[in-house]
Amino acid sequence: MAWDGFVRLRRSRVSDLVGAYGGVVRGGSSQEVGRFSPVETAGEGDLAPLLAGRFVAKAEAAAARGALFLIEESLAGDARVQRLGGWVHPYASWAMASILEERATVPATPAQLGNGATIGPHVTLGERVVIGDRVSIGASCSIGGEGFGWARGPNGAVKRLPHLAGVFIEDDVSIGPLCTIDAGVLSPTILRRGAHLDAQVHVAHNCEIGEGTFVAAQSGFAGSVKIGRGVLVGGQVGVADHVTIGDGARIAA
């Protein structure tokens, strides 16, 4: 069965999570959650992290779908966030990492290859990688490995965020040699149909490269970048995290 990209949890009451990991709850303590989902897609029965102000509007929409939130304490004074309710934590990303380590129930699904897919020598394919038909992957690529995501905790402690959501590569994609495509944290990293990557391109966790987009060598995309359809990205372009680039854009270094 193909990996569906959902990071499921052992079903838990929010009050039990607060008891285990700290923080305070503002409403919804008796509700149960069974998945950890991004705010963009979270709905009923989902726990979604709200870690930065830029996501508040999306969280309001998710609340209307029935989602609950793990909220970074620095946002707790925002009137819009107060109306949402949820679980407020002084180290929300740390709590998220701990829950993913201890309560996630994702399958250890080996990489799945579509018809006519070709894999070059010395390629590493991680768990929960789904590769479509007629995809070509050049030599020495790393697909589906841990991304560069870290959580800060008490007394300056740091831990790596588990990257459990894998990578989806749709049909007719080509990936040049020495590329790195990191697994997503809560949702898969995605290369849409007909995307083409030159050599030595880095696609970080949770990114989406649009249909028919071309990326030249030595370009890099930080976490959660969204690239539209038919984009041309020149060599050595760098894109900062959480940037969205629209359809048909032309980008030079």
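## An enclosed helix

Helix H4 is largely enclosed by the rest of the structure, because 10 of its 12 residues are buried. Keep in mind as you look around that this is a predicted model. The buried set in H4 includes Trp-94, Met-96, Ile-99 and Leu-100, and Arg-103 belongs to it too.

H4 covers residues 92–103, and its first and last C-alpha atoms lie 16 Å apart, close to the 16 Å expected at 1.5 Å a residue.

## The parallel sheet

Let's turn to the strands. An open sheet is built from 7 strands with parallel pairing, and their order is E8-E11-E16-E19-E22-E25-E28. Strand E8 (118–119) and strand E28 (250–251) are at the edges with a single partner strand each, so one side of each has no neighbour in the sheet.

What joins E25 to E28? Strand E25, residues 232–233, runs parallel to E28 and is joined to it by 2 bridges.

How many disulfides does the structure hold? The number is 0. A disulfide would be a covalent bond between the sulfur atoms of two cysteines, and the cut-off used here is 2.5 Å between those atoms.

For Cys-179, the closest cysteine sulfur is in Cys-141, and the 4.7 Å between them is too far for a bond. Cys-179 is also buried, at a relative accessible area of 1%.

Cys-207 has its closest cysteine sulfur in Cys-179, 13 Å away, which is again too far for a bond. Cys-207 counts as buried as well, with 0% relative accessibility.

Note on methods: Residues numbered from 1 in each chain as written. Predicted model: local features only at pLDDT ≥ 70, side-chain atom pairs only at ≥ 80, totals over all residues. Heavy atoms only, no water. Pairing = 2+ DSSP bridges. Helix = DSSP H or I, 4+ residues; strand = E, 2+ residues; numbered from the N terminus. Expected span 1.5 Å × (residues − 1). Buried < 20%, exposed > 50% of the residue type's maximum accessible area, 1.4 Å probe, protein only.
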